[in-house]
Amino acid sequence: MTDAPISRRIQRVLEIGAPLFALFERTERLVRELGADACDFLAGNPQEMAIPEYVETIHRYTDPKDAAWFAYKMSEEVAQEAAASSLRDRLGIPFQAEDIAMTNAAIAAIAVAVRVVADDGDEIVIVTPPHFLYEPLIVAAGATAVRVPVDAETLDLDVDAIAAALTPRTRAIIVNTPHNPTGTIYRSETLARLADVLTAASKRRPIYLLSDEAYNRIVFDGREFASPAAFYPNTMVLYSYGKQLLAPGERIGYIALAPDMPDRETMRIALVAGQLATGYSFPNAILQYALPELEGISVDVELIQRRRDRMVAALRDAGYELHVPEATFYLLPRSPLQDDGDFCDLLAEERILVMPGAMLEQPGYFRISLTASDDMIERSLPGFARALKRATG
Ligand SMILES: Cc1ncc(COP(=O)(O)O)c(C=O)c1O
């Protein structure tokens with residue numbers, strides 16, 4: 001607690017975020033100190049120059065074509081059409097352009113969706129390990145986060161535990177598939193069982209499923225991705241182009257209402273109100289104009305898959321325990337030391353920066369981001385092996 005005139009909600013966000021803020025400060029310092037020598041596997045940031053086609057596309061839309069080019073924009077029709085058409089093609093679900101609210105990436109989409117559905121004191125179920133901003137966004141909206149861990153063995157959703165966590169105050173559940181940091185794509189059978197549980201519990205008042213699908217195009221081994229929107233009508237798909245384009249600072253994404261959502265017309269208007277009340281959380285005009293072209297651009301998923309395979313094999317050879325993720329940018333090895341923070345410090349001495357599991361609510365593990373370059377990966381492998389030897393020897 002502080003005596004400064006700060007709202008209780010933001011004081012609570014500061015409390016929740018304190019360890020993370022400390023980690024960010026420490027990391028920034030380490031990156032500054034290590035400079036070009038650092039092998040940065042930390043936050044899923046790009047470690048190579050941006051995709052040339054992406055840069056070239058953005059350039060083409062920066063020159064104004066009319067007087068209103070840089071006027072206030074909400075959701076631009078051209079962007080809504082591009083997003084809806086892509087969702088229809090990829091998921092086989094008849095999403096409508098008017099049901100897409102363009103946002104500045106997934107974090108704004110989550111903030112707006114939570115604010116639109118939850119009242120003060122409502123509960124939002126989050127599956128753990130969660131994205132680090134879920135709880136701050138929920139708290140800032142006046143609601144409470146209720147945690148349900150994934151099944152520790154299978155890394156699948158624990159639908160029985162979710163059912164047990166639902167109360168008359170439950171307003172929504174955030175499901176992240178493919179899941180950061182486990183890399184699991186939830187199966188259709190699991191999503192169907194979840195839909196049955198939510199439908200039964202929605203008799204009193206609807207429970208919304210907020211489907212965080214930031215990685216739904218970063219999928220390996222030719223696997224199928226299934227969206228919860230195919231199973232549960234009260235679903236909002238939350239998307240970010242930041243992963244697909246590996247440009248998380250260029251913020252664009254959306255909220256897409258499932259086409260069979262009841263009261264969809266009311267929800268559309270509520271989302272506009274929610275976006276206005278969440279600090280005008282519409283994306284930059286240029287990114288919206290460019291979206292029909294950006295839709296077709298992507299990081300090389302096969303290259304990321306090859307990096308996954310290279311690192312999984314090399315780390316296992318060195319003696320690490322880790323599973324093979326089905327999707328996303330992340331590996332999640334077990335920490336050889338009980339305190340994963342201590343082990344991450346050992347890795348930092350080898351100039352390797354990774355995310356401690358404790359920061360992700362996954363103690364005993366650490367997270368490696370595959371957005372590193374091939375050169376970084378190769379340079380890091382002897383250091384990973386040395387750190388493990390020091391920890392266990
Ligand atoms: C699961 C998940 N959801 C949401 C986000 C936020 O994405 P953005 O920063 O593009 O809004 C991330 C980014 O790391 C993520 O991993």
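A pocket is taken here as an open set of grid points, where a 1.4 Å probe fits, with protein on both sides within 12 Å along at least five of seven lines. In this predicted model, the largest pocket holds about 970 Å³ of space. Its lining comprises 42 residues, of which Phe24, Ala43, His131, Phe132 and Arg367 are the closest to the centre of the pocket.

Several helices contribute to the lining of the largest pocket. At least two lining residues come from each of helix 1 (8–34), helix 4 (105–117), helix 5 (134–140) and helix 8 (241–244). Helix 1 supplies the largest share, 7 residues. By class, the lining of the largest pocket consists of 24 nonpolar, 9 polar and 9 charged residues. Domain 1 (8–51 + 300–392) and domain 2 (64–294) each provide at least three residues of this lining.

The second largest pocket contains about 260 Å³ of space. The residues that line the second largest pocket include Pro149, Val150, Ala152, Glu153 and Leu155, together with Glu321, Leu322 and His323. Leu332, Arg334, Gln362 and Tyr365 are also among the residues lining the second largest pocket. This lining divides into 7 nonpolar, 2 polar and 3 charged residues. At least three residues of the lining of the second largest pocket are drawn from each of domain 1 (8–51 + 300–392) and domain 2 (64–294).

Aromatic contacts were examined next. Across the whole structure, 14 aromatic pairs were found. For Tyr280 and Phe282, the ring centres lie 4.7 Å apart and the ring planes meet at 65°, so this pair is classed as edge-to-face, the cut-off for that class being over 60 degrees. Tyr280 has a relative accessible area of 30% and is therefore partly exposed, as this value falls between the limits of 20% and 50%. Phe282 has a relative accessible area of 6% and is buried, because buried residues are those under 20%.

One aromatic cluster is formed by Phe41, Tyr320, Phe343, Phe366 and Phe384. A contact between a charge and a ring involves Arg367 and Tyr330: the charged end of Arg367 sits over the ring of Tyr330, at 4.0 Å from the ring centre. Arg367 is also one of the residues closest to the centre of the largest pocket.

Conventions. Residues numbered from 1 in each chain as written. Predicted model: local features only at pLDDT ≥ 70, side-chain atom pairs only at ≥ 80, totals over all residues. Heavy atoms only, no water. 1 Å grid on protein atoms, 1.4 Å probe; cavity = no way out; pocket = protein on both sides within 12 Å on 5 of 7 lines; lining within 4 Å. Points joined across faces, edges and corners; volume = space filled by probe spheres on them. Helix = DSSP H or I, 4+ residues; strand = E, 2+ residues; numbered from the N terminus. Nonpolar A, V, L, I, M, F, W, Y, C, P; charged D, E, K, R; others polar. Domains from an automatic or database assignment. Phe/Tyr/Trp six-rings, centres within 6.5 Å; stacked < 30°, edge-to-face > 60°. Buried < 20%, exposed > 50% of the residue type's maximum accessible area, 1.4 Å probe, protein only. Lys NZ or Arg CZ within 6 Å of the ring centre and 35° of its normal.
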